[in-house]
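User: I would like to learn how to read a few features of a protein model. Please give the general idea each time and then the case at hand.

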Amino acid sequence: MKITGISILKWKEDTAEPVFLASATELSSFGFFQRGTAAQFVKFISRTLIKRTPAGKRQTVEHEGNNVHTYLRSDGLGCAVVADAEYPERVAFTIMSKLIEQFHSQYAQQWPTVMEDATLSFEPLDQAIIEYQDPSKADKISKIQKDLDATMEVMHKTIDSVLERQVKLDKLVETSEDLSMQSKAFYTTAKSHNQCCTIC
Amino acid sequence: MMETAARELAHVLRSQQTTLDEFGLVALAGEEDLGEAKKVFFTDGDGGSKLGVDLGSGAALYRAARTLYETGNKEEESTQDMAKVVLLLSADYETVWNVRKMYLGKRNNVEELLDEIRFTDLVLSKHYKSAPTWVHRHWALQQILGQHLNKEQGHDEGEDNIGSKRQSLDDRNRDERTKENRLQRDTILQHELEICQRVAASYYRCYNAWSYRAEILGYFDAHNSMEDRKALHHERLRLRSWFVRHVSDHSAMNQMLCVLRALGNPPDALEAEITLASRLAVRYPGHEALWRYKRGLVYSLLQRCSEESAPIHIVAHLCSGPLASLELDLSLVDSMAEADLNIELTQSNHDPWADSGDCARFAQILQDELTLALVCASDHTCARSEEQRRCALGYVMHVLRSSFRVSGRAIPSYLATWLRRLPHARAGPLNPANDSLLAAWAEAVSASLEHIAQLS
């Protein structure tokens, strides 16, 4: 069970797309030549799915053996976690709630004014992606929230149901600015060979 | 131009074979971007250990290499170097692997065979599913172990005893060589297990890698060799730490069952694995692989029970004991979820309770397992509680059925009826007062006690 990426984004519909505020990835399990592409896909899928998360809601979308968990607060501060199918969902959301709280207390004045991708320094995020590879480390937080957990509502969607009608993932990949030519080529080749795409 | 690139690549494969450990196809930037001729291949990473080939040039490079290979003399080294380029790009080309087998077989050189294994390490970093590559690797391994490392063991039959002094010197030399060979053999086998681990880390549940890993176990003889037992113990430790981070990896669990079988299915080892699996199943609920794995472990354990009819008596004990009233302590789930996953393993040769086939011990394990499974089935607050309930109830059915099957008896009809009803019972805590399932359980319990009393 592993977390591939955690990102903090802002989505208030005052920009064309959600903007990144901070992010961290853990790519050591990928092959040397796949890491660049994997990082780009994490960015792409986080941005795409935060955009399609209703404000104030939690959502999990399963895609090719990975789960993308997103949480968008009603004030527009959101978090996306890309993890594999084994990583316990509740732990992921608990981590996200905590990180968003901490981020807001550090950058309360700043983040609402960010209009372009930024890389704000946020140490808890860098620590989280290393420490919480083992979900039991996050358990201490979740124990306190155990009562909340049972009532925490998470929408489970597939990638197709989350995208708008007539919009296909392939098209989004093709037009995305987050993906280099190489990554797009890789995605197309992997699809045509019926292999798993690079994230998994 | 591709021919030159192919020759250069063949040269790199030969000269850097000890440093290269990973290969990949990369989409390189076009000519317009670099302002110079596009590179066909390059090395990167620490010490140039990663070999990359341009995705766009791959097909042309392959065709050039293949032409050079087919028009060359297969017995010559330069052609065989070209064969390596062909195989790197198309690992499933079985004919080329087989011609290499003939070539290497004739030369019969241990160093070359070890290099061949290192070469398959490189190929497998990209073509992890390629069956011909795994087969070729196994062939090379068999050549090394079968022909070279076993050659010095045992006495040469044609040797004459010419003087006791010289003979004892020969014996000492032979022992030295045997020891060296032994060390080399152990190192090679460890490397094989580690490579499988590396592939498994990159490519989840790769069937070919795990099958190969299970086959390697066949080279270890736990009954006659202390070192082999130690090696199997290390494999067990590796798999245990793997489970904690990969709870639905059924390939790894299958491998553990193979390791335990190679060790002779000692009951205390089985018990330790059941404990770990149970703790994981509670901490990470709803993963069918873990529950299926527990089924395998329990079945092996029941078979080790020394008395044939013992499982039935175990069920009788359970039915008349705490399970009869099904007063389940639901807090068991919480304490299990926090239980330490680092369970101490003993490596002693003496199995403390295998000899006696200690039935009381078996009974305790079965009771704990059934209790835990029923508690898990009734915990509807955990994550994935539907799957968890389904898996836990299936597990209860399996344990009870196996208890009878192992002693060669059919399941009594009242128990069979109860087992059939289990999966359809309503979800929620098992409450004796208002759950028909429990009422049926109580009936089944009393009927089975009568039945067993009649048997003995």
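User: Which residues do ring pairs link into a cluster?

Analyst: This is a predicted model, in which local features need pLDDT of at least 70 and side-chain atom pairs count only at pLDDT 80 or more, while totals for chains, interfaces and linings use all residues. Residues are numbered from 1 along each chain as its sequence is written, chains are lettered from A and ligands numbered from 1 in the order in which they are written, and side-chain values use heavy atoms, without hydrogens and water. A pair of aromatic rings is described by the distance of the centres and the angle of the planes. Rings of Phe, Tyr and Trp (its six-membered ring) pair if their centres lie within 6.5 Å; planes under 30 degrees apart are stacked, over 60 edge-to-face, and the rest tilted. Here the cluster consists of F32(A), F33(A) and F42(B).

User: How many aromatic pairs are there over all chains?

Analyst: The count is 12. One of them joins F103(A) and Y107(A), a tilted pair with 5.0 Å centre to centre and 40 degrees between the planes. These two residues are separated by about one helical turn because they are 4 residues apart in helix α2 (residues 89–107) of chain A. Helices are DSSP runs of H or I with at least four residues, numbered from the N terminus. Both F103(A) and Y107(A) are buried (under 20% relative accessible area; exposed is over 50%, partly exposed in between; 1.4 Å probe, protein chains only).

User: How many residues does each chain bring to the contact?

Analyst: Contact means heavy atoms within 4.5 Å. Chain A brings 18 residues and chain B 32 residues. Buried area is the accessible area (1.4 Å probe) that two parts lose on being put together, summed over both. Between chain A and chain B this area is about 1,800 Å², with 54% from carbon and sulfur atoms. On the chain A side, M1(A), F33(A) and E86(A) supply 36% of what that chain buries against chain B, more than any other three residues.

User: Where does R205(B) lie, and what is its phi?

Analyst: Most residues other than glycine have a negative phi. R205(B), in the loop between α8 (164–202) and α9 (207–216) of chain B, has a positive phi near 55 degrees. R205(B) counts as partly exposed because its relative accessibility is 32%.

User: Is N265(B) buried or exposed?

Analyst: N265(B) is buried, at 16% relative accessible area. N265(B) sits in the loop between α11 (250–262) and α12 (267–283) of chain B, and its phi is positive, near 50 degrees.
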